[in-house]
Amino acid sequence: MEQENDNLQEDTNNQDNTAQETITKVTGMYKEWFLDYASYVILERAVPGIDDGFKPVQRRIMQSMKDLDDGRYNKVANLVGHTMQYHPHGDASIADAMVQMGQKELLIDMQGNWGNILTGDRAAASRYIEARLSKFALTVVFNPKTTKWQASYDGRRNEPVDLPVKFPLLLTQGAEGIAVGLSTKILPHNFNELIDASIKILKGKSFHIVPDFLTGGIADVTNYNEGIRGGKVRVRAKIAQQDKTTLVINEIPFSTTTSSLIDSILKANEKGKIKIKKIEDNTARDVEILIHLHSGISPDKTIDALFAFTNCEVSISPLCCIIQDNKPVFIGISEVLKYSTGHTVDLLKAELEIQLNELEEQWHFSSLERIFIENRIYRDIEEEETWKGVIAAIDLGLQPHIKHLKRAITEEDIIRLTEIKIKKISKFDIDKAKLFIAGLEDKIVIVKDHLENIIAYAIAYFKDLKTKYGKGRERKTEIRIFEDIVATKVVMRNAKLYVNREEGFIGTSLRKDEFVADCADIDDVIVFRNDGKMIVTKVDSKTFVGKNIIHVAVFKKKDKRTVYNMVYTDGKGGTTYMKRFSVTAITRDKAYDLTAGTKGSKLLYFTANPNGEAEIITINLRAVGSIKKLKWDIDFANLAVKGRASRGNTVTKFTVRKIELKEKGVSTLKPRKIWFDETVQRLNVDHRGDLLGEFTSEDRLLIVNQKGVVKTIIPNLNAHFDNDMIILEKWQPNKPISAIYFDGERSRYYVKRFMIEQPDKEEKFISDHPGSKLQIVAVDYRPMAEVIYSKRSLENQIINFEEFITIKGIKSLGNQLTTEKIKQINLLESLVYVAPEINEVDLVDEEIIDNDNLGQTSMFE
């Protein structure tokens with residue numbers, strides 16, 4: 001019994017030891033397997049190599065296409081199947097990778113339906129589409145002589161470690177991948193700009209490269225940060241105004257499609273952020289999305305709203321991670337380009353060295369062959385009976401003639417001589433042999449020169465690539481600095497704000513109470529109470545803000561234009577103060593005391609003035625004691641605008657019976673100076689760009705574009721301007737517009753002068769024929785121009801517009817100038833014009849402030 005217990009105890013101990021060993025082993029295996037898996041995904045799946053710019057699947061696709069390349073198209077399904085000999089994964093991942101490579105339109109020549117990057121349509125099944133290597137790929141990607149090889153995953157074939165790519169392919173195509181613990185997102189860059197930058201690197205000059213997308217659009221790369229972590233690129237769709245109720249999108253942001261873009265617009269419309277009538281997608285080869293607006297909706301404000309609330313503007317965060325020396329490395333795109341350029345030089349040098357060695361070997365054997373045949377050394381072997389004797393006889397026969405050779409003769413050389421056919425010996429032409437050897441010597445000299453001047457050779461190589469393949473690869477994405485769009489200023493007012501003054505509630509659901517204003521769900525509301533407290537809170541369905549509300553409105557941040565005039569009593573029976581202040585920044589949902597803070601303080605008078613108006617009020621005191629003056633007027637204009645926390649100026653120490661408005665305030669602000677910043681194509685009041693002039697509420701801007709369309713608009717800081725705009729200035733109604741244009745229907749040039757008769761209407765002042773073209777336009781009072789004809793026999797003609805034609809209607813044809821072909825028209829210095837004198841009125845300076853006003857319409861809204 002005791003022995004059985006001992007055996008049982010021993011078995012139990014053995015089981016415990018086995019269990020403990022097993023747990024330890026699994027833990028170790030888990031650590032190793034996870035690291036192996038992470039390393040595999042990073043190195044073999046998601047992140048591209050810096051040497052050739054390919055991920056492993058892309059590299060294997062290219063090698064498979066090279067294996068099957070015969071100049072004709074191959075079924076993609078066949079190429080995918082062949083790639084599986086190198087790539088240990090499914091056919092779907094290979095096919096998807098090939099389609100993505102093909103859609104970049106650089107390395108693969110496609111045939112069939114390969115999908116559409118604009119609409120997001122998928123490619124047809126791989127059995128229906130075909131592909132072959134492009135000429136560019138054959139030129140820069142492959143060279144078996146400089147390729148390092150390794151065994152494939154199953155050991156049956158050899159695959160390239162890296163392809164010898166002699167071009168910054170990684171930056172041209174871009175790359176994106178998610179691995180274990182890291183990711184990469186390298187944006188594509190312009191083909192020609194990369195070549196130019198590589199040439200600058202080789203010349204030792206500075207360079208700058210920015211992304212370029214096949215989808216076009218407009219990009220702000222101010223914070224690109226070399227494509228490393230923390231950088232950001234903002235990309236916008238290209239939106240133009242087709243007419244007063246139609247917007248057209250012609251280019252979309254990178255990483256979006258027309259479908260996703262339209263979905264985002266419809267969602268914003270459903271949420272009330274924007275207001276559109278309908279949307280049409282006419283995209284075919286090029287993008288065309290028509291957005292129809294309701295009448296009365298501002299196109300400019302809608303464009304800004306599209307940028308603020310839809311995928312018409314997207315923010316992209318690049319992260320340049322590459323594989324270098326079998327490790328993931330985070331570097332900037334400039335470093336990537338420098339490495340790629342240096343790597344290209346190394347590959348070119350290696351190719352030249354191989355070519356030089358081959359030429360020298362060819363020269364060496366051609367010289368031996370000529371000696372062997374010319375001196376009939378082949379006859380020396382007739383008496384020899386053994387192979388060694390044959391080799392020795394030939395070697396001995398060559399010795400007197402090989403002093404000029406560049407290397408010693410080897411046994412392999414002699415064996416090759418014995419393999420020369422009798423037919424070749426009998427037809428051997430010594431003169432042709434000498435010419436051939438001389439040609440080889442010339443080639444050797446050229447290759448050696450290239451090696452000695454490898455940088456110049458590399459520069460010529462890049463220039464040749466640009467000449468052969470750069471056509472049609474011009475920049476598609478326009479680079480521009482974006483202005484920041486304040487969402488609250490462009491959002492559509494999709495709700496109505498109500499107030500219950502006595503109970504102290506505000507909100508969008510109080511439909512039975514007093515209506516305040518239209519608002520948006522992202523707006524803030526500013527509230528003033530009778531006890532002198534102010535609070536700003538977010539729009540909601542119903543919010544309690546305190547009883548006895550005296551003023552409520554939609555709040556606008558940084559609004560220095562709106563001035564609040566206020567009179568209050570400091571505590572019960574205390575001193576009465578008056579103050580003027582503006583509210584520019586606050587903490588939401590915090591109650592601010594606008595009085596001196598004494599308990600029992602109360603507002604006696606309050607107004608909100610959207611344009612800083614300063615009214616005159618009458619103070620009426622209560623008749624108590626021996627007070628002599630019970631009534632007098634006070635002008636708020638004599639009071640400086642201070643901060644909301646200021647106590648204010650003393651009005652009286654006596655009890656105020658009532659305050660009456662005697663005279664409404666009038667704004668006496670000077671005309672506002674407006675500038676045009678060409679970089680962002682926007683108006684501003686911040687002294688950026690070119691000064692357009694000083695504008696009152698009556699003044700307008702004159703705009704003329706290259707299509708021959710003229711219009712005037714009220715200056716609006718949210719206004720958008722077309723890229724073909726040629727005139728932008730302050731409009732003077734009495735100043736004529738002069739133009740020379742070519743009439744396509746009549747095939748002749750005309751001169752016309754006209755005035756704008758309908759300022760609110762956009763009009764075309766040249767004919768509607770497709771061949772009609774505006775040549776020149778002048779907006780001076782007395783302009784002059786020089787016409788240079790294409791025919792050298794015709795003298796240049798000076799045009800005085802004032803004498804050539806009188807001012808006529810905008811739709812008039814004008815006076816004929818010529819039927820001859822004009823080479824160029826130059827505007828000359830205008831004649832002197834004496835303007836009539838205008839009496840000036842003294843006005844008060846205006847502080848540069850925000851455009852949006854409360855309660856009153858501004859000329860900038």
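The following exercises work through parts of a predicted model.

Residues are numbered from 1 along each chain as its sequence is written. Local features need pLDDT of at least 70 and side-chain atom pairs count only at pLDDT 80 or more, while totals for chains, interfaces and linings use all residues; side-chain values use heavy atoms, with hydrogens and water left out.

**Exercise 1. Helix α4**

Task: State how many residues α4 has, and compare its reach with the expected span.

Solution.
Step 1. Helices here are DSSP runs of H or I with at least four residues, and strands are runs of E with at least two, numbered from the N terminus. Helix α4 covers residues 91–103, which is 13 residues.
Step 2. The expected span is 1.5 Å times one less than the number of residues. From its first C-alpha to its last, α4 reaches 18 Å, close to the 18 Å expected.
Step 3. After α4 comes E105, with a positive phi near 55°.

**Exercise 2. What covers α4**

Task: Find which residues of α4 are buried and what covers them.

Solution.
Step 1. Buried means under 20% relative accessible area, exposed over 50%, and partly exposed in between (1.4 Å probe, protein chains only). The buried residues in α4 include I94, A95, A97 and M98, and also V99, M101, G102 and Q103.
Step 2. The cover includes α2 (56–68), α3 (76–83), β2 (108–111) and α6 (169–173).

**Exercise 3. Two packed helices**

Task: Describe how α2 and α4 pack.

Solution.
Step 1. Two packed helices are described by the angle between their axes and the distance between the axes. Axes are lines fitted to C-alpha atoms, for helices over the stretch in contact, and angles run from 0 to 180 degrees between N-to-C directions.
Step 2. The angle between α2 and α4 is about 80°, and their axes are 10 Å apart.
Step 3. Angles under 35 degrees count as roughly parallel, over 145 as roughly antiparallel, 65 to 115 as roughly perpendicular and the rest as oblique. The two helices, α2 and α4, are therefore roughly perpendicular to each other.
Step 4. On the α2 side, V57, Q58, I61, M62 and M65 meet I94, A97, M98 and M101 of α4.

**Exercise 4. A sheet of 3 strands**

Task: Give the strand order of the open sheet and explain why β1 and β2 each have a side without a neighbour in the sheet.

Solution.
Step 1. The order is β1-β3-β2, with antiparallel pairing.
Step 2. Both β1 (74–75) and β2 stand at the edges with a single partner strand each, so one side of each has no neighbour in the sheet.
Step 3. Strands pair if DSSP finds at least two bridges between them. Between β2 and β3 (residues 130–133) there are 4 bridges, and A131 in β3 is the bridge partner of M110.
Step 4. Helix α2 lies across β1, β2 and β3, at about 90° to β3.

**Exercise 5. The largest nonpolar core**

Task: Name the residues that touch the most other members of the largest nonpolar core, and list the contacts of V141.

Solution.
Step 1. A nonpolar core is a set of buried Ala, Val, Leu, Ile, Met, Phe, Trp, Tyr and Cys residues joined through side-chain atoms within 4.5 Å. The largest has 70 residues, and M62, L107, F136 and V141 touch the most other members. Helix α10 (residues 333–374) gives the most to this core, with 11 residues.
Step 2. Contact means heavy atoms within 4.5 Å. Leaving aside neighbours within four places in sequence, V141 is in contact with F54, M62, L107, L163, P164 and V165.
Step 3. Another core, of 25 residues, lies apart from it, and L170, V235, V314 and I333 are among its members.
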